[in-house]
Amino acid sequence: MKIILLNGSPRSNGKTAEALALVEEGLKENGVETVNMWIGNKPVRGCIDCRNCFKTQRCAFNDDICNEIIEALIDADGIVIGSPIYFGSANGALCSIIDRVFYAGSTFAHLFDGKIGASLATGVWLGGTATLDRINKYYISSAMKIVTAPEYTLYMSDVPDARKERITENFKNLGRLIANEA
């Protein structure tokens, strides 16, 4: 089994990377191969509805990670998308990228049907569930299996130690639950 861990933060080693690393621990405990991808911190463009992807199942724009994600997801069994919470929702650059990934790969091609999808968010509670909901909607419209943890996968590192242990275990458990889907 192979799972992509997509860091949707402009910071390659920030809190979103930290949370994805915990999921990765749970996956690796169960022998799951992981592929780490990062959207980067350069400007990205949104979908312009050119419909080139209807014919090619790839985005017409080749100047960012969009088509790399499509190729990786075709080859993988699933994806975990992590986003920081910016102003009450997911990172705009991440949303622009995954709009294009899922539009190209799912609208007519059904490239991701049956694959596993999971989501996580980092930051404060405000906007956390909105961020998870936004990411999960890509999976729903792509006929993917959504895997969740027993508690919301909202990662905050600035919490009391007792709460931090519980959050850490929840993220590792998400990785274990994804591994059990194989």
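The largest cavity is lined by Cys47, Ile48, Asp49, Cys50, Arg51, Cys53, Cys59, Ala60, Phe61, Arg100, Tyr103 and Ala104; a cavity is a set of points on a 1 Å grid over the protein atoms alone where a 1.4 Å probe fits but cannot get out, and lining residues have an atom within 4 Å of a point. The model is predicted, with local features requiring pLDDT of at least 70 and side-chain atom pairs pLDDT 80 or more, whereas totals for chains, interfaces and linings use all residues. Residues are numbered from 1 along each chain as its sequence is written, and side-chain values use heavy atoms, without hydrogens and water. Helix H4 (residues 92-106) supplies the largest share of the lining, 3 residues; helices are DSSP runs (H or I) of at least four residues, numbered from the N terminus.

Rings of Phe, Tyr and Trp (its six-membered ring) pair if their centres lie within 6.5 Å, with planes under 30 degrees apart counted as stacked, over 60 as edge-to-face and the rest as tilted. By this rule the structure has 6 aromatic pairs. The ring centres of Phe54 and Tyr103 are 5.7 Å apart and the planes stand at 65°, so this pair is edge-to-face. Phe54 belongs to helix H2 (residues 53-56) and Tyr103 to helix H4, 49 residues apart.

Phe54 is partly exposed, at 26% relative accessible area, and Tyr103 is partly exposed, at 24%. Phe102 and Tyr138 form a tilted pair, 5.4 Å centre to centre with 40° between the planes. Phe102 is buried, at 5%, as is Tyr138, at 9%; buried means under 20% relative accessible area, exposed over 50% and partly exposed in between (1.4 Å probe, protein chains only).

Notes:
On a 1 Å grid over the protein atoms alone, a cavity is a set of points where a 1.4 Å probe fits but cannot get out, and a pocket is an open set with protein on both sides within 12 Å along at least five of seven lines; lining residues have an atom within 4 Å of a point. Helices (H or I, at least four residues) and strands (E, at least two) are DSSP runs, numbered from the N terminus.
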